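Reader: I am new to this structure and would like to go through it in questions and answers. Please show it first.

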Amino acid sequence: MRKGLTVVVFGVCLFTATGGAQQPAGGVTELTPLDYIEIQQLAIRYAYGLDSTADNGYMYADVFTSDGEFVGRQVPLTQGREALARVARSVRKGNPMYVRHFIANHEIHPSPEGATGKVYLMVVDVEEGQPSSIYIGGRYEDVYVKTPQGWRIKRRDARNMGTPRNPGL
Amino acid sequence: MKTLRIVLLGLALPLVPYQLLRAQAPAALTARDRIEINQLAARYAFALDTRANDGIAFAELFAPDGEFVGVRGSAKGRDQLAELARSGIITAKKPDVGVSHFGMNHVIEPAAGGAVGKEYLVMVDIAEGGKPGGDFSSIGGHYEDAYVKTANGWRFKRRQFIPMKSLAPLPESATVPSITRPAAAFAPVTAAGGGQLTADDYLAIRALAHTYAYGLDTGAGKGSLYASVFTEDAEFHGPPAVPGGKPFDAKGREALRQFALVDRGSAYVRHFMTNHLIEPSPEGARGKVYLLVIDIAQSNKPTSVNMGGHYEDVYVKTAAGWRIKTRHFFRSKSAQTLKAEADAAAGASPAK
């Protein structure tokens with residue numbers, strides 16, 4: 001079941017681009033340098049988890065909180081560890097040598113929940129002996145929370161994506 | 001609306017500000033400084049691609065007297081910078097999905113008055129006009145930056161875009177050797193006795209991967225910049241870069257330096273690194289990093305991806321700082337390709 005509709009408003013409230021440094025407001029804890037790095041590593045682990053399908057999809061699922069959710073333009077909302085692991089397992093081409101999700105420009109801000117962020121994505125089909133192409137691109141908008149196991153994605157919104165070149169994974 | 005001052009510039013822009021600042025007495029940068037400068041570069045892309053707040057978001061990334069210098073023009077000060085963002089640096093059309101500038105390989109160094117940095121850029125047209133997928137644009141190169149710490153945080157004092165240009169003939173094929181043995185499934189190594197990494201450790205290791213790209217692409221110092229990211233006894237293994245070639249099995253800085261001997265000049269960019277995953281390990285740290293070898297458009301050839309894959313590294317902390325101890329490169333292969341290769345190898349095996 002979908003939880004936490006309050007997070008829906010984050011896109012309006014927190015991603016209003018101001019360009020300038022985000023000064024922590026009331027109730028917002030400043031992030032340490034290690035917080036920034038761990039959140040960046042989280043987004044990177046997301047790419048490896050999806051491309052490699054490592055640990056039967058759980059490497060991908062475990063970058064989310066146990067009730068974490070992914071919502072995309074092309075896919076319905078996916079929530080919870082098992083559902084998210086199934087998504088990773090469904091990547092038919094996935095294996096430890098497969099690279100497809102290239103991320104860049106990871107912007108992170110402290111927030112009442114912990115942190116929010118947005119990051120560019122280009123999914124590039126690049127395989128030896130075959131012509132390369134960009135399958136899809138766009139950006140994720142995220143909410144992160146710090147759990148006892150470290151930073152996790154509470155919600156990832158992939159609706160700011162273009163149309164994929166071809167259907168399917 | 002004020003009219004933007006457009007100053008036509010040649011392609012051979014002077015690099016004096018970057019080099020001059022870098023050469024002067026630098027002050028140390030903290031991990032927070034480096035993170036904030038890194039975030040500044042990330043915000044730059046969003047501000048430019050979304051043209052947020054009518055261009056003001058872009059202008060606020062610069063110091064009050066900050067300056068952007070591009071191929072077609074320059075802008076200085078808040079009003080000109082905002083107008084530049086509103087009108088679009090490359091084209092008046094805003095990207096359809098608000099995503100176009102992909103920045104990678106961001107290196108930051110202390111310098112007189114603050115810091116300097118470089119960052120690769122490749123521009124991508126995502127789903128333009130409703131067209132599925134995306135295409136690399138003809139625009140690519142790197143930025144050369146000067147940063148200054150203001151009362152509001154780190155800002156660009158100057159950002160100059162340098163389009164890709166090679167002083168030497170462009171390579172016809174991949175310059176990075178690949179190996180065909182299976183990559184290791186990623187397994188956390190912390191349980192095996194690795195210690196904790198500090199923010200400075202992560203940043204220093206990340207910088208290694210980026211400096212690797214600059215060293216390989218430019219050939220700076222006759223390969224010495226490239227070789228400097230490795231330990232003296234570092235190894236980089238692999239089979240031939242081309243079918244039938246000599247197996248690749250380099251060991252030691254001098255052998256590695258041979259890979260970056262060609263002087264292509266400081267404006268040549270080709271190795272775009274991203275997704276650098278780093279974990280502590282008994283040796284120090286291990287990591288993986290994605291690579292796209294992108295041939296930016298030149299001489300009527302469109303921008304294309306030459307190859308893609310990932311590196312798997314072991315890093316050690318030496319007296320001179322973090323260095324790459326071992327590096328393996330793997331070209332991207334799907335599960336289906338690996339199975340086909342395995343089936344072919346099995347079929348080719350002599351019967352027992």
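**Chains, cavity and ring pairs**

Author: Along its sequence, chain A runs α-α-α-β-β-α-β-β-β-β, where helices (H or I, at least four residues) and strands (E, at least two) are DSSP runs numbered from the N terminus. This is a predicted model, in which local features need pLDDT of at least 70 and side-chain atom pairs pLDDT 80 or more, while totals for chains, interfaces and linings use all residues. Residues are numbered from 1 along each chain as its sequence is written, chains are lettered from A and ligands numbered from 1 in the order written, and side-chain values use heavy atoms, without hydrogens and water.

Reader: What share of the residues in chain A is buried?

Author: Buried means under 20% relative accessible area, exposed over 50%, and partly exposed in between, with a 1.4 Å probe and protein chains only. Chain A has 169 residues, and the buried share of them is 59%.

Reader: How many helices and strands does chain B have?

Author: Chain B has 352 residues, of which 55% are buried. Its secondary structure comprises eight helices and twelve strands.

Reader: Which element supplies the largest share of the lining of the largest cavity?

Author: A cavity is a set of points on a 1 Å grid over the protein atoms alone where a 1.4 Å probe fits but cannot get out, and lining residues have an atom within 4 Å of a point. The largest cavity is lined by 27 residues, with A:Q40, B:N38, B:H106, B:R206 and B:H210 nearest its centre. Elements that each give at least two lining residues include α2 (33–52) of chain A and α5 (199–218) of chain B. The largest share, six residues, comes from β3(B).

Reader: How many aromatic pairs are there, and why is the pair of B:Y44 and B:F156 edge-to-face?

Author: Rings of Phe, Tyr and Trp (its six-membered ring) pair if their centres lie within 6.5 Å; planes under 30 degrees apart are stacked, over 60 edge-to-face and the rest tilted. The structure holds 25 aromatic pairs over all chains. The ring centres of B:Y44 and B:F156 are 5.7 Å apart and their planes stand at 70 degrees, so this pair is edge-to-face.

Reader: Why does the pair of B:Y44 and B:F156 tie together separate parts, and how many residues apart are they?

Author: Both B:Y44 and B:F156 are buried. B:Y44 belongs to helix α2 of chain B and B:F156 to strand β6 (residues 153–163) of chain B, so the pair joins parts whose separation in sequence is 112 residues.

Conventions: On a 1 Å grid over the protein atoms alone, a cavity is a set of points where a 1.4 Å probe fits but cannot get out, and a pocket is an open set with protein on both sides within 12 Å along at least five of seven lines; lining residues have an atom within 4 Å of a point.
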